[in-house]
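Subject: Structure handover

Hello,

Here is the structure we talked about, with notes on what came out of it. Please read them alongside the coordinates.

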Amino acid sequence: MKIKGKVLLRVYTEDIRRGIFIVPENIKEIAPGAISFLPSLQMLLFSSNVEKIGNSAITNNPFLKTVHITPSVKEIGSLAFSYCNNLRKIEIPVNVQKVGDGAFFGCTSLENIEIANENIQIGKHAFEFCPAVKKVKIPRKLNSKNLISLETPDAKIIFTEDLQK
């Protein structure tokens with residue numbers, strides 16, 4: 001693993017244990033390409049200090065199924081999780097202010113999307129080429145214009161406020 005200060009620069013195959021990589025506690029930022037092109041990666045767990053997931057930081061991990069984004073994360077960069085073909089579910093915590101352009105582009109197995117922050121900025125094509133989406137859970141007040149790139153007309157939109165009634 002390569003780290004500079006509080007930035008994770010690169011994860012190598014030997015850093016992954018039984019398909020799992022846990023981001024070290026001292027890391028605040030995941031640099032572009034840091035956790036990319038790792039065919040053995042199946043689960044990614046962020047530490048409670050990560051605030052920024054950089055552009056293309058976790059792209060092209062074909063067997064990544066599970067990602068746990070902690071509430072400390074404030075920004076998910078452009079193309080951050082693009083082409084993670086086995087990713088099934090993503091929960092974007094309330095503290096995330098921005099999801100970059102194409103952040104989940106080409107996540108062909110992504111079925112469930114949950115967004116907690118009603119004021120989040122969602123970039124263009126953030127969820128484009130995600131044909132498996134079945135359920136999207138969002139706050140009613142969310143400006144969801146950039147969610148229209150979802151190609152599955154059968155996707156069920158669930159408003160979090162309706163769940164609380």
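F104 and F127 are both buried, where buried means under 20% relative accessible area, exposed over 50% and partly exposed in between (1.4 Å probe, protein chains only). The model is predicted, so to speak of a local feature needs pLDDT of at least 70 and side-chain atom pairs count only at pLDDT 80 or more, while totals for chains, interfaces and linings use all residues. Residues are numbered from 1 along each chain as its sequence is written, and side-chain values use heavy atoms, with hydrogens and water left out.

Aromatic pairs. Rings of Phe, Tyr and Trp (its six-membered ring) pair if their centres lie within 6.5 Å; planes under 30 degrees apart count as stacked, over 60 as edge-to-face and the rest as tilted. The count by this rule is 4 aromatic pairs. One of them is F104 with F127, stacked at 5.2 Å centre to centre and 0 degrees between the planes. F104 sits in the loop between β10 (98-99) and β11, and F127 in the loop between β12 (121-122) and β13, so this pair ties together parts 23 residues apart in sequence. Strands here are DSSP runs of E, at least two residues long, numbered from the N terminus.

F105 and F129 have ring centres 5.0 Å apart and planes at 75 degrees, so they form an edge-to-face pair. F105 is in the loop between β10 and β11 and F129 in the loop between β12 and β13, 24 residues apart. F105 is buried at 18% relative accessible area, whereas F129 is partly exposed at 43%. F81, F104 and F127 make up one aromatic cluster.

Core. A nonpolar core is a set of buried Ala, Val, Leu, Ile, Met, Phe, Trp, Tyr and Cys residues joined through side-chain atoms within 4.5 Å. The largest has 47 residues, and I35, F46, I76, F81, F104 and F127 touch the most other members. Elements giving two or more residues to this core are β9 (89-92), β11 (112-115) and β13 (135-138). Leaving aside residues up to four places away in sequence, the contacts of I35 include L8, F21, L44 and N61; contact means heavy atoms within 4.5 Å.

Sheet. An open sheet of 3 strands runs in the order β3-β5-β7, with parallel pairing. Its edge strands are β3 (20-22) and β7 (66-68), each pairing on one side only. Two strands pair if DSSP finds at least two bridges between them; β3 and β5 (residues 43-45) have 3. The bridge partner of F21 in β5 is L44.

Regards

Conventions
Helix = DSSP H or I, 4+ residues; strand = E, 2+ residues; numbered from the N terminus.
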